[in-house]
Each structure stands twice: as structure tokens, then as C-alpha cells.
Amino acid sequence: MSKQIIYVVSDSVGETAELVTKAAISQFNGSGMVLKRFPYVEETGHIDEVISLVKMDHAMIAFTLVKPDIREYMKKMAEQAGIQAVDLIGPIMDQIQQYSGKTPLYEPGLVRKLDEDYFKKIEAIEFAVKYDDGRDPRGILKADIVLIGVSRTSKTPLSQYLALRRLKVANVPLVPEVDPPEELYKVPAEKCFGLKISPEKLNNIRRERLISLGLNDKASYANIERIRDELTFFDKIVTKINCPVIDVTNKAVEETANVILNYVHKRTN
């Protein structure tokens, strides 16, 4: 007996249709059925071609077509040709429309676009982790955004927050005893953002940090004079780079992120 064939037809790449069809076939103990994917079917002529091939192969069709006229044409032509054709997406779209009272977009490939958006976020998050806290200066030149600041100015959470907006962010800690990486002076200044904070606020943050770690809050890390020295060094570096500076003293991470996103939006437009 010749192998039975199912044509997987879609107005996009056909991944959804193939996945659902494979899930159904698995319930028949992998019955040896062959899937043939036929993507980007968006015109009646394409459907005519599919119908011709399916008739030759004595096959059936599983399809995801979101445009109502193309979907109805597929049903009509399959019925006329005596071909079994299963609409995988139409019925649930109709039910959702009836339930929600909203009209579908009827735009092919939206699931794939959502997937691409998801993977861009994952890539940006991985980038932020890899190039966090100046651990690899090479990331500075690859980044969309470079955050500069002394310790405890929310560079890491801000990097992660911006990564959720699909921006690749590297951050560089500034310490007076350590020269900033050379790459910091090579990246365009408009990509850099200095995070400024008041000495008193930073002193409180660092003291609480030391206490949470079970350490003495009198350590030099939380010493107000030491903090002022660090902030003076910060001012010197951001002035040299000539980048925007954001005062994060009384800002939540989300507020700072919105300031940066507005800068980026203006820059790209």
C-alpha cells in the first residue's frame, strides 16, 4: 500500500499547521503518513495548484488560512474535487470573534512575528547577563545602550528591564582606582547613559546592602567621603564621554527606563 499524504497548507510558513497535524497523526501510532508543507498560499491560483497536486497524490489537506475569502475558496474547491480538507484555524477564529465581539486582523504570519519578538527579548536578556558589570568590555561596542555608574545605581535591573524592550544593554561600573575600558570612549556618546545619584541616597543604599549581607555598615564601601570621591570620578568620565546623564536618586527603575526609551525613540526618529 502506498503511503498516505497530508498536504499542510498555510498562508504563512505553515509551522502551526504542521505542528497540529503532527499532534493528530501521533494518535495513530505514527501511521507512516507523509506531510507535505505548502506555504504562502495567499491567492486562488495557489489553491488551484494545491488541489491539482492533492488529487494526483490521492491526499488530504490540513490548512490554516486566515483570510475569509481564501479560506472559503479552499473549502469550495476541495469539496468540488472530492478531497478531504480540514480547516485548523477558521472555526476557532469564528468562535473567538463571536465570543469577544472583535474582528480578526486577518493578517497571515502573526504567530511567527510574535515568536520573533519573543526570541529577540531572550537574546537581549542573555546579552545583558553576559555583559553585566563590565565583565566583558567587548560588549560595549555591540550594545544598543551602555549604562555607566558607580556601584548600586541600579545598572543591572535597568539593563534587564530594557532587555524586555528588546534592547541589548551593557553596563560599566566606575571605580576611581580602575581606568574605564577603552571601548567606552569608542562607542557613540548618544548610546551611553550616565546614572547619577546623590551621595546621601547612595550612602543609605550601600549601608542597607552591607547589613543585608551581615557585614559592618561602617566599611569604606558605605563611607560618605569615599562615595563623594566615586561620584566626582563619575562626573569626570561622563563629561569626557559627553553622554546624557540621568539623576536616578528618586527614580524607580521603570522611570529611568522610560527616560532612556524616550531618548532612543527621538534618536531613531
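## Val-146 and its strand

Val-146 stands opposite Cys-192 in β7. This is a predicted model, where local features need pLDDT of at least 70, side-chain atom pairs count only at pLDDT 80 or more, and totals for chains, interfaces and linings use all residues. Residues are numbered from 1 along each chain as its sequence is written, and side-chain values use heavy atoms, leaving out hydrogens and water. Helices (H or I, at least four residues) and strands (E, at least two) are DSSP runs, numbered from the N terminus.

Strand β5 (residues 145-149) runs parallel to strand β7 (residues 192-196), and three bridges join them. Two strands count as paired if DSSP finds at least two bridges between them. Ile-148 has Gly-194 in β7 as its bridge partner. On β5, Ile-145, Leu-147 and Gly-149 point one way. Val-146 and Ile-148 point the other way. Five of the five residues of β5 are buried. Buried means under 20% relative accessible area, exposed over 50%, and partly exposed in between (1.4 Å probe, protein chains only).

## The sheet around β5

β5 also runs parallel to β6, joined by five bridges. Leu-147 has Asn-171 as its bridge partner in β6. The chain crosses from β5 through α7 to β6, and this β-α-β crossover is right-handed. That term applies if, with the strands pointing away from the viewer, the path from the first strand over the helix to the second runs clockwise.

Four strands form this open sheet, in the order β6-β5-β7-β8, with parallel pairing. β6 (169-173) and β8 (245-247) stand at the edges. Each has a single partner strand, so one side of each is left without a neighbour in the sheet. Neighbouring strands are turned by 25 degrees against each other on average, direction ignored. Helix α7 (residues 155-163) lies across β5, β6 and β7, and runs at about 170 degrees to β6. Axes are lines fitted to C-alpha atoms, for helices over the stretch in contact, and angles run from 0 to 180 degrees between N-to-C directions.

## Asp-132 in a loop

Asp-132 lies in the loop between α5 (110-130) and α6 (138-142). Is this residue buried or exposed? Asp-132 is buried, with a relative accessible area of 12%.

Asp-132 touches Thr-156 and Asn-171, not counting residues up to four places away in sequence. Contact means heavy atoms within 4.5 Å. The side chains of Asp-132 and Thr-156 make a polar contact (2.7 Å). A polar contact is a pair of N or O atoms within 3.5 Å; within protein, one must be able to donate a hydrogen and the other to accept it, and residues adjacent in sequence count only if both atoms are side-chain atoms.

## A second open sheet

Another four strands form an open sheet in the order β2-β1-β3-β4, again with parallel pairing. β2 and β4 (85-87) are at the edges, each with a single partner strand, so one side of each lacks a neighbour in the sheet. The twist averages 20 degrees from one strand to the next.

β1 and β2 run parallel, joined by five bridges. Val-9 has Phe-38 as its bridge partner in β2. Helix α3 (residues 68-80) packs on the sheet and touches β1, β3 and β4. Its direction makes about 170 degrees with that of β3.

## The buried side of α1

Which residues of helix α1 (residues 15-25) are buried? They are Ala-17, Glu-18, Thr-21 and Ile-25. These residues cover an arc of only 95 degrees around the axis, which puts them on the same side of α1. The arc is that of the directions from the helix axis to the C-beta atoms. The cover over them includes β1 (5-10), β2 (34-38) and β3 (60-64).
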